[in-house]
Amino acid sequence: MAAHIVFDTALGFFALSWSDAGLTRVALAQPTHPQAEHQTARWGTTSFDPDSAPLPEFVVDAMSRIRLYATGADVDFTPLPLDLSGIDGFRRAIYRTALKLRQGETTTYGGLAEQAGFPTMARETGQALGRNPLPLVVPCHRIVAAGGKLGGFSAPGGVVTKQRLLAHEHAAFAPASPAQTAFDF
């Protein structure tokens, strides 16, 4: 079954899709349900019909964890099953290594590449993170460029969204201004 659901949080509307094996996609917070639903259009999934079957337990767990994260709680996403089928071994290794970063912890693209066993592949690591189908759960926003720069971010809102996520987590890399933590995409 390939389905998706849009749900409300303190940060806005997130969307998740899943297969029988685990989560396949995450769309970061949007201000409205239709905008979040629009993010799912290219996923090739159908909107979940609660009358057809109950939500899988891991989807309920993922929604709960994302809602907690949105309130500012320190959340561990590592117990969630991820369906990374169709993703090459390099990207899977990068994503699995990024999953080990705790909330508010950052590393560089080169540091992540080295931790994943690919010490000369910082640029390729950035490209892999740019194609991350599970932002937030696989915390690509926690990987920054060398030399004190944020680096890129391919999710809607770009680097501003990355900066806001890091501020939300009180990461050392985050800006100090509370006005910059609002999610007003």
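**Exercise 1.** Decide whether F48 is buried or exposed in this predicted model.

*Solution.* Take the cut-offs: buried means under 20% relative accessible area, exposed over 50%, and partly exposed in between (1.4 Å probe, protein chains only). F48 has a relative accessibility of 11%, so F48 counts as buried. By the same rule W18, at 2%, counts as buried.

Two conventions apply throughout. Residues are numbered from 1 along each chain as its sequence is written, and side-chain values use heavy atoms, with hydrogens and water left out. As the model is predicted, local features need pLDDT of at least 70 and side-chain atom pairs count only at pLDDT 80 or more, while totals for chains, interfaces and linings use all residues.

**Exercise 2.** Classify the ring pairs W18–F48 and Y69–F77.

*Solution.* Rings of Phe, Tyr and Trp (its six-membered ring) pair if their centres lie within 6.5 Å; planes under 30 degrees apart count as stacked, over 60 as edge-to-face and the rest as tilted. The structure holds four aromatic pairs. For W18 and F48, the centres are 5.8 Å apart and the planes at 55°, so this pair is tilted. W18 lies in strand 2 (residues 12-18) and F48 in the loop between strand 4 (46-47) and helix 2, 30 residues apart, so the pair links distant parts of the chain. Helices (H or I, at least four residues) and strands (E, at least two) are DSSP runs, numbered from the N terminus. For Y69 and F77, the centres are 6.2 Å apart and the planes at 50°, so this pair is tilted. Y69 is buried at 0% relative accessible area, and F77 counts as buried at 5%.

**Exercise 3.** Check the length of helix 2 and locate its buried face.

*Solution.* The expected span is 1.5 Å times one less than the number of residues. For the 14 residues of helix 2 (residues 57-70) this gives 20 Å, which agrees with the 20 Å between its end C-alpha atoms. The buried residues of helix 2 are F58, V59, A62, M63, R65, I66, Y69 and A70. Seen down the axis, they fall within an arc of 165° (directions from the axis to the C-beta atoms), so they line one face of the helix. Just after helix 2, G72 takes a positive phi of about 100°.
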